[in-house]
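Reader: I have a model open and would like to go through its chains and contacts. Can you take me through it?

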Amino acid sequence: MIKVENVHKSFGNTEVLKGVNINVPTGSVTVILGPSGSGKTTFLRAINFLEPADKGTMYIDDLVLNMASASKKEILEIRRNTAMVFQNYNLFMNMTALENVKEGLISVQKMARYEALIKAEYYLEKVGMINRENFYPMQLSGGQQQRIGIARALALNPKVILFDEPTSALDPELVGEVLEVMKKIAREENATMIVVTHEIGFAKDVADQVIFMEGGIVVESGSPQDVLEHPKEERTKQFLARFTNQ
Amino acid sequence: MGEFLNPAFLLEIFNYLVRYVPITIGLAVGTMLLSCLLALIITILRYNKVPLLGKLADLYVLLCRALPSMILLYLVFFGIPILLMAFSGTAKSAMLLRNIPPIAFAVCGLTLHTGAYLAEIFRGALQSVNIGQTEAALSIGMTWSQAFFKVILPQASVFALPLMANQFLNLLKGTSIAFMISVMELFGAASVLAADNNAYLEVYIVAAGLYWTTSICFEKIALRLEYNLSYFKRGANK
Amino acid sequence: MGTIFSVEYMIKSFPTLLSLVDVTIIVTVVSDFFAIIIGCIIALTRINKVPILSRLCALYVSFIRGTPFLVQLYLICFGMPQVLGYFGVEDPRSIPGMAYVFLVMSLHEGGYIAEIMRGSILAVDKGQMEAAKSIGMTGFKAYTRVILPQAFRMAIPALGNNVISTLKSTALIFNVGVVDMMRRAELMGSFSYRHLELYVDIAIIYIGLCFIVQFGIAKLEHCTQMKNPAVS
């Protein structure tokens, strides 16, 4: 279970997060939607302290911490229990696909090399990239790189996997393969997923909880049916209206 | 034309001067190693924005890149004795200084000069690595030093190496100024030989040839090194 | 501290040394001027793959970049008179030493500028030459009116660095008889034994010159930025 309360963040004089609260049950898929500038990416990055929050409290299972004054040790602890899939994939360019997935297992989880190899190959297989395990990121397409990025996050068996607009940087024809992998993981693995995305279809198919953010706060949240089909708030309705014209 | 550029004479000069090439190479390699160390320290100070030392590091890089290496050499050569005298009195210093060979001053001066250039190269190399690489490494729970050595450094090196190789070649040539503080390296030996025999043209042509070939050799080595280190850009297996 | 390092002497000698800075500046400017011409000719020769000549140019550039400036300086300044003597020139000593210095510096910087210009000329879009030729321009016209201006604009930062490098090379020419700040400092130092103060003065002057050149380059870069039509 992960619960985050009262998160505030400002960049200079602009307040980007104005008191965000979310509650994510274990093993569930939470999708965060919202227009650009709503703060959803900043909020996600605040969870693993890539963007340190000015104020807020985080509860992950038994861990409690103050997000503004977390120590280096606490931050490291959080990062060892979470993993992120980035919009720009951010695969380690100097390592092959297999090495990318193995790296965290060996360096961070201190796993034995052989064990790490088996586990890495298992997850590469799961995302359908096992036949490219010895390729370097520069030789792979965006969709392929992102699937490896997902395997890298998954292999660590983190308590929470954070997805930061995983398909936004992909060419349209590659989006599908990545979404398929994400749906598969949601179904087969018991990972808790927090996904920031524009893909409403994905939210409808797979999400257990949908959160709509705008202007730095949570405007509405609930099940996909509630939020997407019967939105209560006016702002939610306006946002969704853009997509119904597709 | 028989008197002009007599091949036998040139060969004699070659045999005499070639023995000084190792001194030049040694001077260059030694300086390069020390400069890398210095540049590393300077870069860490600048990158972490250490309060006072960081600013001093910035100043050092600015000044030592603006000054001719000759000036730096003279400043070191005349300055270190003065510093010693200021701290331990004239008599004691004179004793110490008599035992320091001029080559030490040369290495010092050249290191200060090259170190500043390398510091700038390191800075550029670190900047060239996409910030996303660092974020990805940290996000899976790596410590900063793990991220640095496993992800950032390999990628930064590919950027830095051609520039460092170029700097080394400059250094090979730059060792020639050490003669001004009476270090007997290749150029120094050539100057003395030329003056003694009044054969300036022949001696300096041979000296130039020796520098040229040494340069080309190191260039080839550098190219091989760059090729090997950029494996992930070409996709070949290590 | 007064006997070890004299700030008073430093200040007193400054104007004397500064008065010779014109030598440094003139050598830098004149050499770079000729160097740019030489560099462009070499670059164009290599780009157009002129038979034999382009091979010679490549060799020339390799030599300049592979040997120390000091060696080139001594080679020309002491070797040339010897060569001229062999070729029957009467009294080669009558040629002023400065002529050799200008020659060496121009040739030296020319080699480096050749590489800079070769890079930036090649970086100009191929379409430019095609467009120029398609409206009937000769190769020469195309270069002078279209390609070279663009190449120069792109090369300004690198050329600026080269000017600074030339400036720093001038610190060595006192060894072949040029009377500049360094030579003066050598003479003054041999009388007063206060070498450090003199070289600190010279260091200050060189740093000053460096900053002036860098400022000039930045200004030049700014002025030659192609105006964005959407902005103006």
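Predicted model: local features only at pLDDT ≥ 70, side-chain atom pairs only at ≥ 80, totals over all residues.

Reader: Which chains have the most contacts between them?

Author: Chains B and C, among the 2 pairs of chains that touch. Contact means heavy atoms within 4.5 Å. Chain A and chain C have no contact, and their closest C-alpha atoms are 25 Å apart.

Reader: How many residues does each of B and C put in?

Author: Chain B gives 38 residues and chain C gives 37 residues. The buried area there is about 3,400 Å², with 79% from carbon and sulfur atoms. Buried area is the accessible area (1.4 Å probe) that two parts lose on being put together, summed over both.

Reader: How many salt bridges between chain B and chain C?

Author: The count is 0, taking a salt bridge as a side-chain nitrogen of Lys or Arg within 4 Å of a carboxyl oxygen of Asp or Glu. There are 9 residue pairs in polar contact (both at pLDDT 80 or more). A polar contact is a pair of N or O atoms within 3.5 Å; within protein, one must be able to donate a hydrogen and the other to accept it, and residues adjacent in sequence count only if both atoms are side-chain atoms.

Reader: Which element gives the most to the side of chain B that touches chain C?

Author: H10(B), with 10 residues. Helices (H or I, at least four residues) and strands (E, at least two) are DSSP runs, numbered from the N terminus.

Reader: Now A and B. What is the area buried there?

Author: About 2,200 Å², of which carbon and sulfur atoms give 57%. A:Phe92, A:Asn94 and A:Tyr136 supply 27% of what chain A buries against chain B, more than any other three residues. The contact takes 28 residues from chain A and 24 residues from chain B.

Reader: And how many salt bridges across that interface?

Author: The rule finds 2. One of them joins B:Lys150 to A:Glu103, with the closest N and O atoms 3.3 Å apart.

Reader: Is C:Gly79 buried or exposed?

Author: C:Gly79 is buried, because its relative accessible area is 0%; buried means under 20% relative accessible area, exposed over 50%, partly exposed in between (1.4 Å probe, protein chains only). C:Gly79 sits in helix H4 (residues 69-86) of chain C. Leaving aside neighbours within four places in sequence, C:Gly79 is in contact with B:Tyr200, B:Leu201 and C:Tyr74.

Reader: Last one: where is A:Ser38?

Author: In the loop between strand S3 (29-33) and helix H1 (40-47) of chain A. A:Ser38 counts as buried because its relative accessibility is 1%. A polar atom of the A:Ser38 side chain lies 2.7 Å from the backbone oxygen of A:Pro35.

Terms used. Residues numbered from 1 in each chain as written. Chains lettered and ligands numbered in written order. Heavy atoms only, no water.
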